[in-house]
Amino acid sequence: MADRIAPREKFRAIAELPDYQIDLAEAALWIAAEEQPGLHPAPWLDRLDELGEQLRRRLRGVRDEIDRLDCLNELLFLEEGLRGNSENYYDPRNSYLNEVLHRRLGIPISLAVVCIEVGKRAGVPLEGVGFPGHFLLRLARHPEIVVDPFDQGRLLTMDDCQEMLSKVTRGSVGFDPALLRPVGSRQILQRMLNNLRGIHLHRGEHEKTISVLDRLLLLDPEDPGPLRDRGVLHIRWGDPERGVEDLEAYLTAADGAVADQEEIAYLISETRRRMTLVN
């Protein structure tokens with residue numbers, strides 16, 4: 001049990017920090033550590049430091065921002081062999097930063113985290129872009145330069161972004177340049193956790209799904225959504241008392257401003273009725 005408690009407490013401490021103080025790589029590694037007892041971030045942070053130092057040496061005398069980005073892409077994607085895991089996209093290991101560094105396989109957001117962290121260490125500042133359905137990057141000092149980490153760091157035009165959006169949303173969302181705004185570390189961690197939530201839920205992995213929802217609430221205690229989802233899952237998976245507690249907290253936090261208020265209130269009522277019959 002101790003191995004599982006330590007990562008949660010470490011993650012809690014990071015989640016309480018203001019966004020600009022969050023160490024994205026360390027937080028992502030504590031997410032992995034909850035799933036992999038005994039994992040410690042230190043060796044993997046050292047690995048990011050090594051990659052950053054390699055890149056920094058290559059950048060001596062390189063001034064052009066595109067050329068500096070090309071050096072990062074060459075190191076990470078060509079030499080280190082990082083690539084998108086299109087063959088097994090929903091393997092949870094694609095979301096664990098240590099596994100991404102070890103296996104050199106990931107999904108857009110985890111590959112983006114590697115790029116951000118290595119770039120940060122070498123003076124190539126990159127920002128995460130929470131594009132719908134496909135996480136992207138952009139150069140912090142040249143935000144018009146957009147990068148796809150899942151496709152070997154390919155530079156994207158606005159037409160490319162529009163085409164990508166059309167594919168991932170099946171044309172249901174119209175393109176808006178605002179979709180290319182940067183997101184902070186907290187939002188990146190939330191998106192990583194939401195990916196894991198979907199994977200674990202699809203697999204019927206009760207404890208892991210609940211664990212993800214717990215950490216989402218640590219990142220944003222005022223977001224009622226994870227409370228609702230956790231409550232419903234507790235009821236579905238045999239812990240009605242905790243489920244009712246979460247759903248009542250959800251209704252209190254939402255303060256009537258949710259479309260599913262009547263549905264949730266009915267679920268609470270029915271669950272209480274069944275609990276009474278059992279007891």
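In the hairpin formed by strands S3 and S4, where 6 residues lie between the strands, Gly 133 takes a positive phi near 75°. This is a predicted model, and the points below follow that hairpin first, then the nonpolar cores, and then a cavity.

**Strand pairing**

- Strand S3, covering residues 126–129, pairs with strand S4, covering residues 136–139, in the antiparallel sense over 4 bridges.
- Strand S3 also pairs in the antiparallel sense with strand S7, which covers residues 182–183, and here the pairing runs over 2 bridges.

**Nonpolar cores**

- In soluble globular proteins, nonpolar side chains tend to be buried together.
- The largest nonpolar core of this model holds 61 residues, of which Leu 55, Leu 76, Leu 97, Val 114 and Leu 189 touch the most other members.
- Apart from this core lies another one, made of 10 residues, including Leu 217, Leu 227, Val 244 and Met 275.
- When residues up to four places away in sequence are not counted, Leu 97 touches Ala 25, Ala 28, Leu 29, Ala 32, Leu 48, Ser 110, Val 113 and Val 114.

**Cavity**

- The model has 1 cavity of 30 Å³ or more, and the volume of the largest cavity is about 60 Å³.
- The largest cavity is lined by Arg 47, Leu 51, Leu 76, Glu 80, Leu 82, Leu 101, Arg 104 and Val 114, a lining with 5 nonpolar, 3 charged and no polar residues.

Note on methods. Residues are numbered from 1 along each chain as its sequence is written. This is a predicted model: local features need pLDDT of at least 70, side-chain atom pairs count only at pLDDT 80 or more; totals for chains, interfaces and linings use all residues. Side-chain values use heavy atoms; hydrogens and water are left out. Two strands pair if DSSP finds at least two bridges between them. A nonpolar core is a set of buried Ala, Val, Leu, Ile, Met, Phe, Trp, Tyr and Cys residues joined through side-chain atoms within 4.5 Å. Buried means under 20% relative accessible area, exposed over 50%, partly exposed in between (1.4 Å probe, protein chains only). Contact means heavy atoms within 4.5 Å. On a 1 Å grid over the protein atoms alone, a cavity is a set of points where a 1.4 Å probe fits but cannot get out, and a pocket is an open set with protein on both sides within 12 Å along at least five of seven lines; lining residues have an atom within 4 Å of a point. Grid points are joined across faces, edges and corners, and a volume is the space filled by probe spheres set on the points. Ala, Val, Leu, Ile, Met, Phe, Trp, Tyr, Cys and Pro count as nonpolar, Asp, Glu, Lys and Arg as charged, and the others, Gly among them, as polar.
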